[in-house]
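Colleague: I have a new model open and would like to learn how to read its features. Could you walk me through it?

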Amino acid sequence: MLIDARKFAVATAGFCAFLNLYSPQALLPALAREFGTNAATISTIMTASTLAIALTAPFTGAIADVLGRKRVITAAMLAVVLPMVGAALAQDVQALIVWLFIQGLMLPPVFAVTVAYIGDEWPAKEVAGVAGIYIAGSSIGGFAGRLVPGVLGDLVGWRGAFLVLAALSLAGAAIVALMLPREKHFVRSEGLATSARQMLRHVKNPQLLATFAIGFGVLFNFIGIFTYVSFHLAGPPYFFSSTLLGAIFACYLVGTVVSPMTGWAIAQLGRRRLLLVIMAVWVLGVLVTLAPPVGIIVLGLTLCAACGMLVQTISTGYVAAIAKEGRSSAVGLYVTAFYVGGSMGAFLPGLAWERGGYPACVTMVIAVQAAMALIAALAYRRVTV
């Protein structure tokens with residue numbers, strides 16, 4: 001069977017973006033020990049990158065609506081390599097935070113513009129399926145971004161791990177440059193002022209606002225659970241090494257399987273009903289991670305990964321489908337909400353951790369999930385796309 005070059009390039013873009021974004025997560029306990037700091041403080045390196053993404057995503061979308069898709073995606077993928085090398089050479093937490101913040105500034109063109117490219121270049125009925133392929137690539141990247149640094153962190157140290165990720169990122173940028181065709185259906189914005197007006201119209205669209213809120217919750221939950229379960233498993237009675245913490249993230253691979261099925265599932269159940277079912281299972285998955293046996297914790301994390309990937313696929317595909325103009329800026333606004341959620345998911349559960357440990361983090365995440373389900377129930381009653 002021949003490989004579809006466009007779909008492979010889209011999956012590669014997702015892979016490389018998430019490979020870089022989550023690379024410190026399995027290393028956080030080791031980094032905390034090396035730099036002599038606590039869980040809440042070292043987790044600010046996750047906050048730095050996600051906050052940078054949130055700050056720049058809408059402007060990236062506006063620029064891409066003027067300049068085009070492929071050139072922005074490939075330039076950003078090449079630019080990501082430099083801050084990863086800088087992070088590998090950092091001598092203290094502050095320098096690491098700065099380099100990962102700079103890296104975060106480079107990632108929105110990959111996230112936002114790739115999804116907009118999908119919305120432009122595939123028929124509306126195929127957008128959810130192709131978005132699922134992008135999310136599948138992202139899930140593999142998210143897994144590799146945790147496993148590879150975890151294993152290499154034990155073998156050659158975290159600095160060597162970051163340098164390997166920089167090399168992988170460079171290879172991914174070359175693949176996308178060679179295999180992703182120039183956009184054919186892109187409608188160029190008349191200028192940044194026009195793009196800004198389109199962004200204002202987006203924030204007045206109730207369906208988009210609801211989807212942005214759901215996006216906020218998706219990454220809040222991901223970062224909140226997967227960051228602090230690492231500290232949970234690194235402490236007594238588990239004492240997991242960086243390699244074992246990285247291996248735990250194999251559960252991310254379930255997203256590779258389930259995400260491409262999203263389009264079919266929406267057709268069978270409808271967007272609203274599917275979202276509510278997934279949210280119920282997601283809450284169950286979070287609760288299961290409170291059980292003491294490691295196998296049960298992994299099962300809970302697997303449910304969390306599957307549900308999170310499905311909700312992310314549904315919401316990103318919906319934004320791309322209903323934003324008829326200024327699609328990059330619409331996706332950029334979604335990405336901003338998504339990564340503001342991620343920043344809060346690294347920071348706020350850290351405060352909960354200091355007060356009540358991992359159970360307090362779980363309580364906070366479930367409260368956010370309940371709010372997401374309520375928004376979906378109320379806002380998606382008349383969804384037809």
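Predicted model: local features only at pLDDT ≥ 70, side-chain atom pairs only at ≥ 80, totals over all residues.

Colleague: Let us begin with the core. Which residues have the most contacts inside the largest nonpolar core?

Modeller: A nonpolar core is a set of buried residues joined through their side-chain atoms. In this model the largest one has 120 residues, and those with the most contacts inside it are Leu96, Phe111, Phe162, Phe226, Trp282, Val311 and Tyr339. Helix H18, residues 327-379, supplies the largest share of this core, with 18 residues.

Colleague: Trp282 is on that list. What is tryptophan 282 in contact with, leaving aside its neighbours within four places in sequence?

Modeller: With those neighbours set aside, tryptophan 282 contacts Val218, Asn221, Cys304, Cys307, Gly308, Val311, Gln369 and Met372. Val311 is also among the core residues with the most contacts.

Colleague: Now the helices. At what angle do helix H1 and helix H8 cross?

Modeller: The angle is taken between the N-to-C directions of the two axes. For H1 (residues 5-21) and H8 (residues 108-121) the crossing is at roughly 160°, and the axes come within 10 Å. Angles over 145 degrees count as roughly antiparallel, so H1 and H8 are roughly antiparallel to each other. Their crossing is left-handed.

Colleague: Which residues of H1 and H8 meet?

Modeller: From H1 there are Arg6, Val10, Ala13, Ala17, Phe18 and Leu21, and they meet Val110, Phe111, Thr114, Tyr117, Ile118 and Glu121 of H8. By class, this contact has nine nonpolar, one polar and two charged residues.

Colleague: How do helix H5 and helix H10 pack?

Modeller: H5 (residues 70-79) and H10 (residues 158-179) pack at an angle of about 165°, with their axes 8 Å apart. That angle makes H5 roughly antiparallel to H10. The crossing of this pair is left-handed. On the H5 side the contact is made by Lys70, Ile73, Thr74, Met77 and Leu78, and on the H10 side by Ser169, Leu170, Gly172, Ala173, Val176 and Ala177. These residues divide into seven nonpolar, three polar and one charged.

Colleague: And are H5 and helix H6 roughly parallel or roughly antiparallel?

Modeller: Angles under 35 degrees count as roughly parallel. H5 and H6 (residues 81-88) pack at about 15°, with axes 4 Å apart, so the two helices are roughly parallel to each other. Here Met77, Leu78 and Ala79 of H5 meet Val81, Leu82 and Pro83 of H6. The contact has six nonpolar residues, with no polar and no charged ones. Met77 and Leu78 also take part in the contact of H5 with H10.

Colleague: Let us finish with single residues. Why is valine 164 called partly exposed?

Modeller: Valine 164 has a relative accessible area of 34%, so it is partly exposed. This residue is found in helix H10 and, not counting residues up to four places away in sequence, touches Val148 and Leu152. Valine 229 is 65 residues away in sequence, and 25 Å separates the two C-alpha atoms.

Colleague: Where is leucine 244?

Modeller: Leucine 244 sits in helix H13, residues 242-248. Its relative accessible area is 43%, so leucine 244 is partly exposed. Its C-alpha atom is 33 Å from that of valine 115, which lies 129 residues away along the chain.

Key:
Residues numbered from 1 in each chain as written. Heavy atoms only, no water. Core = buried A, V, L, I, M, F, W, Y, C linked by side-chain atoms within 4.5 Å. Buried < 20%, exposed > 50% of the residue type's maximum accessible area, 1.4 Å probe, protein only. Contact = heavy atoms within 4.5 Å. Axes fitted to C-alpha atoms, helices over the stretch in contact; angles between N-to-C directions. Parallel < 35°, antiparallel > 145°, perpendicular 65-115°, else oblique. Left-handed = near helix turned anticlockwise from the far one by under 90°. Nonpolar A, V, L, I, M, F, W, Y, C, P; charged D, E, K, R; others polar.
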